[in-house]
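Let's take a friendly walk through a protein model with two chains in contact. Have a look at the picture below, and then we will go through it step by step.

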Amino acid sequence: MTSFASRSAKPVYEISPSALHAFKLGELWHYRHLAMLLAWRHIRARYKQTALGLLWAVIVPVAFTLIFVVFFRLVPAQPAGNLPYIPSAFAGMIMWQLFTRGVSEGATSLTSNASLITKVYFPRIILPLAAVLSAIFDVLISFVLLAGVLVWFQIPLQQQMLLAPLFVLQVVLVVVAFSLWLSAIDGVFRDLRHALPLILQLGMFVSPVAYTTSAIVPQKWTWLYEYNPLVGPLEGFRWSLLQGAPGVSTSAEIKSLAITVVLLLTGLLFFARMERTIVDQV
Amino acid sequence: MSSEFAIRCGGVGKAFQLYAHQNDQLKQILFGLWKKFYREKWVLNDVNFTVQRGERVGIVGRNGAGKTTLLQILCGITQPTRGEFEIKGRIAPILALGSGFDGLLTGRENARIGAAILGLSRKEVDACIDDIAAFADIGPFFEQPMRIYSVGMIARVAFAICAHAQADVLIVDEALSVGDEIFQKKCENYISEFAKTGTILIVSHSLEFLKKLCTRVLWLENGVVREIGDPAKVIAHYRAAMKAEQGQKSRVAMKAE
């Protein structure tokens, strides 16, 4: 048996009622290892007892891309302008997968761990963050496949490819913002579970996933369309990878970023407000 | 050292919001500033007490007296509606962890996660994981998925994690009733060993165990501290009250017949 007289000197945590648990960055940093472990557990649980395992993370975006390809062969449209369609749609689809997986895992992260959060304290924000981390891991595999697609279609290398990770990061921020908002709401109103699939499905149509903004969205509505925080990073990602992609205007990217930051900050506040008593409800 | 407090509760109160309809909750969020849409149910009311470092305090009270809510507040799981409290040091909520285990993962994997939940860093977990295995003492099962564990084995792993959390304050809720005799003995040994340096707050219905272990007992009734003090005295009063009430109830029942 271990002797407890030999305890090492520890920082002393004072748990006292404070409105802004979520902003205790020091505490969050202290629990970073937990976030990684929970993300890992999430991935393990998701693919345990599946025959294809991690392949599923790739099959889904590939299948969607193929559906788009067939669909746009049948209807006479040029949804990606002059860009080669498959790389364009696949790039959009991967980013969309990052969003939709992250948000659907993140949104239920508090309620699905109800038995844990009612029994032991740790910063609750770890749960949505771990869910988002697991989604990122999922999508990483698809990025490898995307590289293959780019090579296959002989897409020339260009300098702005180095900027691609920044746009991925921007989507991650959007995902975190949505997860904070939705997980806190889900703790109180389970209506969210019914609404979420609908919202996500609709989201794909109003985001430049299967098409590019300039090829489909009427010019006079572009200003409104750009309030979708995913428009900036999705078009930006495409622009960084595919030569000749129009990308987005600086004003649109600023709009996307501004909305993301607002969602993120209000999400943090809302989450901090809700996490204080969420266990009374879940 | 001994005059230093470990737990301090000042006027802690907790009210749950009871809604007649789920819709009222939505109304509360939208129009809460102007009107109240819920009834308040106060499960804790003006709870005051201080626990010195190194004390072992037992909590007794009937079901619904607010014991678990009080522990939840002290652990930081939920917030009090009123009042303030302070705990000095790292807390380990004993046996509460078992509920967070994942049946698909092995005992070792769950133990790693459990220790991280209690706030151990990766290095600390690496350093103590083998000690946890030894303490749990479930042999090769430790490397097997937890869904094949018995209840007692799960409890062993859960307790072993808490025992290595390097806690300053041990918070025990209705523990120690699971596990076989050998393991119960081990837990009791651990707790008395822990008591030499740490603080213990323990909820239990086994009054004899509390009498043996604790330096003080707190009797919680209807959300208020009815009595706190010498274990033998408080427990005797508590027993008498329970008995009196039982007698009353059976008399009422007999009359009804």
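How many bridges join S5(B) to strand S6 (residues 169–173) of chain B? Four bridges join them, and the two strands run parallel.

## Before we start

This is a predicted model, so local features are given only at pLDDT of at least 70 and side-chain atom pairs only at pLDDT 80 or more, while totals for chains, interfaces and linings use all residues. Residues are numbered from 1 along each chain as its sequence is written, chains are lettered from A and ligands numbered from 1 in the order in which they are written, and side-chain values use heavy atoms, leaving out hydrogens and water.

## The six-stranded sheet

S5(B) and S6(B) belong to an open sheet of six strands in chain B, in the order S5-S6-S7-S3-S8-S9, with mixed pairing. Strands here are DSSP runs of E with at least two residues, helices are runs of H or I with at least four, and both are numbered from the N terminus. Two strands pair if DSSP finds at least two bridges between them.

At the edges stand strand S5 (91–94) and strand S9 (224–229) of chain B, each pairing on one side only. Within the sheet, B:Pro93 sits opposite B:Ile171 in S6(B).

## The three-stranded sheet

Chain B also has an open sheet of three strands, ordered S2-S1-S4, and its pairing is antiparallel. Why is one side of strand S2 (39–52) and of strand S4 (82–87) of chain B left without a neighbour in the sheet? Both stand at the edges, so each has a single partner strand.

Strand S1 (residues 5–18) of chain B pairs with S2(B) over ten bridges in the antiparallel sense. You can find B:Arg8 opposite B:Thr50 in S2(B).

## Where the chains meet

Chain A brings 43 residues to the contact and chain B brings 51 residues (contact means heavy atoms within 4.5 Å). About 4,200 Å² is buried between chain A and chain B, 60% of it from carbon and sulfur atoms; buried area is the accessible area (1.4 Å probe) that two parts lose on being put together, summed over both.

Two salt bridges are found across this interface, a salt bridge being a side-chain nitrogen of Lys or Arg within 4 Å of a carboxyl oxygen of Asp or Glu. The side chains of B:Glu109 and A:Arg44 form a salt bridge at 3.1 Å, N to O.
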